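Hello,

Here is the structure I promised to pass on to you. Please have a look at it first, and then read my notes below.

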Amino acid sequence: MQRSGPFVIGDRVQLTDTKGRKYTVLLVEGAEFFTHHGAVRHDDLIGTPEGSIVTSSGEAHYLALRPLLTDYVLSMPRGAQVIYPKDAAQIVHEGDMFPGARVLEAGAGSGALTCSLLRAVGPEGRVLSYEIREDHAEHAERNVRTFYGEHPENWDLRVADLAETSVEALGGQVDRVVLDMLAPWECLPTVSEVLVPGGVLVVYVATTTQMSDVVEALRRQECWTEPRAWESINRGWHVVGLAVRPEHRIQGHTAFLVTARRLAEGVTTLKPRRRAGKH
Ligand SMILES: C[S@@+](CC[C@H](N)C(=O)[O-])C[C@H]1O[C@@H](n2cnc3c(N)ncnc32)[C@H](O)[C@@H]1O
């Protein structure tokens with residue numbers, strides 16, 4: 001997939017109108033993109049640099065850029081709710097997804113997080129995605145394939161229940177695990193088997209009750225560092241002259257994140273030392 005340079009046939013181009021509305025066009029020689037203000041000729045885009053302005057036959061102007069991963073994820077067709085870019089960024093960074101890592105994720109859902117994980121692990125790494133629902137796996141396959149232009153060689157998508165996998169089925173232990181599903185605690189026995197000592201688990205849950213259930217389940221397992229739980233809130237700002245203030249609309253809530261690291265075999269969680277007489 002072309003990532004820079006002038007637009008070529010087959011490129012996905014994002015056109016933004018003067019009101020900020022975005023449209024995605026797949027460049028085909030001789031084709032036209034029809035808008036409320038006439039047609040934009042694909043041939044006017046082919047060979048022009050990114051960041052150019054094209055004009056439709058009805059004299060409307062459009063800024064042409066290749067969509068970023070965040071643009072793509074927010075506009076792609078969905079089967080299941082996607083992980084939003086602000087949370088994907090936290091997962092990649094706080095989950096320490098490094099180039100060359102073997103990452104296991106479930107469920108693949110619409111494949112949004114998968115796109116970020118594949119980019120983070122790079123060609124030397126591997127992403128193994130489990131998805132229990134065939135229809136959701138089809139969405140994930142189509143979305144990832146569209147973004148990368150083909151099915152990435154280092155991506156395994158399996159239609160199966162993560163709770164039933166094993167080290168043998170995965171071809172060895174993994175370095176990182178990400179869970180985004182309704183009942184992640186049901187997969188913890190499997191995850192604790194397949195994750196290497198020191199490996200990072202990241203869990204993404206939408207509600208406080210799920211967060212509480214998963215944190216308590218991790219503590220009960222006694223093979224994890226003390227779980228860390230947080231939420232990231234991203235507030236855009238309006239910055240025009242003296243009018244510098246938060247945007248009127250913000251995305252109030254997406255989900256909570258929980259991370260913990262796998263302890264070595266046979267080691268149990270450190271208990272805080274209590275002094276006699278203290279509670
Ligand atoms: C919210 S979606 C995941 C979205 C995905 N992370 C994304 O960014 O597009 C949750 C998915 O988990 C799948 N799922 C639930 N339990 C599962 C399990 N035990 N094993 C595999 N997939 C599971 C569901 O079918 C659903 O598609």
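A contact here means heavy atoms within 4.5 Å. On that basis, residues 24 or more positions apart account for 63% of the contacts in the chain with a separation of 6 or more. Please keep in mind that this is a predicted model.

First, the overall picture. The chain holds eight helices and 15 strands, and its C-alpha trace spans about 80 × 50 × 30 Å along the principal axes. Of the 279 residues, 42% are buried. The accessible surface of the chain is about 15100 Å², and carbon and sulfur atoms contribute 53% of that.

Now to the pocket. The unreviewed UniProt entry carries a "binding site" annotation on Ser 110, Gly 111, Ala 112, Leu 113, Glu 131, His 136, Asp 161 and Asp 180. In the model, Ser 110, Gly 111, Ala 112, Leu 113, Glu 131, His 136, Asp 161 and Asp 180 are included in the lining of the largest pocket. I looked at two of these residues in more detail.

Ala 112 belongs to helix H4, which runs over residues 112-121. With a relative accessible area of 5%, Ala 112 falls under the 20% cut-off and therefore counts as buried. Leaving aside neighbours within four places in sequence, the contacts of Ala 112 are Val 73, Met 76, Val 82 and Ile 83.

His 136 sits in helix H5 (residues 134-148). His 136 is buried too, because its relative accessible area of 12% is under 20%. Not counting residues up to four places away in sequence, His 136 touches Gly 79, Ala 80, Gly 109 and Glu 131.

Just after H3, Asp 96 adopts a positive phi of about 55°.

On to charges. Side chains of opposite charge can pair when their charged atoms come close.

- Asp 87 pairs with Lys 86, with the closest N and O atoms 3.1 Å apart; both Asp 87 and Lys 86 are buried.
- Glu 94 pairs with Arg 228, where the closest N and O atoms are 2.5 Å apart. Glu 94 lies in helix H3 and Arg 228 in strand S12 (residues 228-230), so this pair ties together parts that are 134 residues apart in sequence. Glu 94 is partly exposed at 33% relative accessible area, and Arg 228 is partly exposed at 40%.
- Arg 21 pairs with Asp 17, the closest N and O atoms being 2.8 Å apart. Arg 21 is partly exposed at 42% relative accessibility, whereas Asp 17 is buried at 10%.
- Asp 11, Glu 50 and Arg 66 are joined in a salt-bridge network.

Lastly, the surface has a nonpolar patch formed by Ile 53, Leu 63 and Leu 65, which together have about 240 Å² of accessible area. Leu 65 is in strand S6 (residues 61-65) and is partly exposed, at 32% relative accessibility.

Happy to talk any of this through.

Best wishes

Technical notes
Residues numbered from 1 in each chain as written. Predicted model: local features only at pLDDT ≥ 70, side-chain atom pairs only at ≥ 80, totals over all residues. Heavy atoms only, no water. UniProt positions renumbered as here; feature names shortened; annotations may be inferred. 1 Å grid on protein atoms, 1.4 Å probe; cavity = no way out; pocket = protein on both sides within 12 Å on 5 of 7 lines; lining within 4 Å. Helix = DSSP H or I, 4+ residues; strand = E, 2+ residues; numbered from the N terminus. Buried < 20%, exposed > 50% of the residue type's maximum accessible area, 1.4 Å probe, protein only. Patch = residues over 30% accessible without salt bridge, like charges linked within 9 Å, V, L, I, M, F, W, Y side chains within 5 Å. Areas by Shrake-Rupley, 256 points an atom, 1.4 Å probe, with all protein chains shown as cover. Salt bridge = Lys/Arg side-chain N within 4 Å of Asp/Glu carboxyl O.
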